[in-house]
Amino acid sequence: MSTRMSIKEAATLLGLPEQTLRVFLQYEKFKEFGEAIKKEGSKHWTYYINENRLYDYLKMKKPA
């Protein structure tokens with residue numbers, strides 16, 4: 001089962017500022033584990049980060 005991870009947690013694991021991660025997701029830089037979605041007519045983004053795929057990308061074992 002995949003789980004969603006927060007921007008804050010993912011940014012910490014990646015060693016990036018949160019805003020940098022948001023921008024990278026908007027520009028599809030981390031398609032391996034996440035995406036940014038913007039509804040038509042809205043100025044707000046929604047972010048999805050798949051926890052399992054992020055740990056795979058980082059070649060790290062997911063904590064129990």
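Predicted model: local features only at pLDDT ≥ 70, side-chain atom pairs only at ≥ 80, totals over all residues.

Tutor: Residues are numbered from 1 along each chain, and side-chain values use heavy atoms, without hydrogens and water.

Student: Why is Phe30 called buried?

Tutor: Buried means under 20% relative accessible area, exposed over 50%, partly exposed in between (1.4 Å probe, protein chains only). Phe30 has 10% relative accessibility, so it counts as buried.

Student: What makes Phe24 partly exposed?

Tutor: Its relative accessibility is 31%, so Phe24 falls in the middle class.

Student: Why is the pair of Phe24 and Phe30 called edge-to-face?

Tutor: Rings of Phe, Tyr and Trp (its six-membered ring) pair if their centres lie within 6.5 Å; planes under 30 degrees apart are stacked, over 60 edge-to-face, the rest tilted. Here the centres are 5.7 Å apart and the planes 65° apart, so the pair is edge-to-face. Ring pairs also bring Phe33 and Tyr57 into a cluster with Phe24 and Phe30.

Student: How do you know that strands E1 (residues 34-38) and E2 pair?

Tutor: Strands are DSSP runs of E, at least two residues, numbered from the N terminus. Two strands pair if DSSP finds at least two bridges between them. E1 and E2 have five, in the antiparallel sense, so they pair. In one of the bridges, Ala36 has Tyr47 of E2 as its partner.

Conventions: Helix = DSSP H or I, 4+ residues; strand = E, 2+ residues; numbered from the N terminus.
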